[in-house]
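User: I would like to learn how to read charge pairs, sheets and surface patches from a model. Can we take them in turn?

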Amino acid sequence: VQLTAAIIGTPTKVYDSTTAATLATANYSLTGFVLGEGGDVTVTQAAGTYNSKDVVTATSVSATLAPTDFASTTTLLSNYVLPTAASGAGTITAAPLTATISAPNKVYDGNTTATPTFTITGGLVGLETVTATGTATFNSKDVLTANLVTANSNVLADGLNGGLASNYSLVTGQTVAANITPA
């Protein structure tokens, strides 16, 4: 009797620029057993492969299986044709970045708009680079009380050495001291 293996549970990892997937026994489903058998059969193969290393295009995981990847205490596995592969859905999530912002002082113009520069300080994989731009505001529009700039939004752009913006994420909220000077 031929068994069929599938990868279930949508294995997920954070972007690391590789297609390597780590699977657990719970990530496998086996079908095709004779009624009453197979309840204790497990698949122990922990190594899998994503179809892509990138967040946007990684949609599936596959694993190559050998007879030694199957275990059972009550089902006689020699009565079955064991599958040699399994596949299923899988995802890669964006790697979180850290960044600082700088913002120049500005002359009073009646609004809180600031001009931030983002510097990515951590989270990039290997030699990859990405760039960040965005918006920020002063904590006040007035000269006497404006002393802090906070990042409100950011947009990542592709960088060098294979750095795809879609493989990374950057939260907002970075702050830096800056002032509004009299007009």
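Analyst: Begin with the charge pairs. This is a predicted model, and the structure holds 4 salt bridges. Side chains of opposite charge can pair when their charged atoms come close.

User: How far apart are the closest N and O atoms of Asp16 and Lys13?

Analyst: They are 2.7 Å apart in this salt bridge. Asp54 and Lys53 form another, at 2.9 Å. Lys141 and Asp142 also pair, with 3.2 Å between the closest N and O atoms.

User: Is Lys13 buried or exposed?

Analyst: Lys13 counts as buried because its relative accessible area is 15%, and buried means under 20%. In the next pair, Asp54 is buried at 17%, whereas Lys53 is partly exposed at 28%. Lys141 is partly exposed at 36%, and Asp142 is partly exposed at 35%.

User: Now the sheet. What is the strand order in the open sheet of 3 strands?

Analyst: The order is E14-E11-E17, with mixed pairing. Strands E14 (117-122) and E17 (168-170) are the edges, since each pairs on one side only. From one strand to the next, the twist averages 45°. E11 (residues 95-102) runs parallel to E17 over 3 bridges. Leu97 has Leu170 of E17 as its bridge partner.

User: Which residues make the nonpolar surface patch?

Analyst: Val1, Val34 and Leu35 make a patch of about 340 Å². Leu35 sits in the loop between strands E4 (28-31) and E5 (42-43). At 85% relative accessibility, Leu35 is exposed.

Definitions and conventions:
Residues are numbered from 1 along each chain as its sequence is written. This is a predicted model: local features need pLDDT of at least 70, side-chain atom pairs count only at pLDDT 80 or more; totals for chains, interfaces and linings use all residues. Side-chain values use heavy atoms; hydrogens and water are left out. Patches are made of residues with over 30% relative accessible area and no salt bridge: like charges are joined within 9 Å, nonpolar side chains (Val, Leu, Ile, Met, Phe, Trp, Tyr) within 5 Å. Accessible areas come from the Shrake-Rupley method with a 1.4 Å probe; for residues, only the protein chains shown count as cover. A salt bridge is a side-chain nitrogen of Lys or Arg within 4 Å of a carboxyl oxygen of Asp or Glu. Helices (H or I, at least four residues) and strands (E, at least two) are DSSP runs, numbered from the N terminus. Buried means under 20% relative accessible area, exposed over 50%, partly exposed in between (1.4 Å probe, protein chains only). Two strands pair if DSSP finds at least two bridges between them. Axes are lines fitted to C-alpha atoms, for helices over the stretch in contact, and angles run from 0 to 180 degrees between N-to-C directions.
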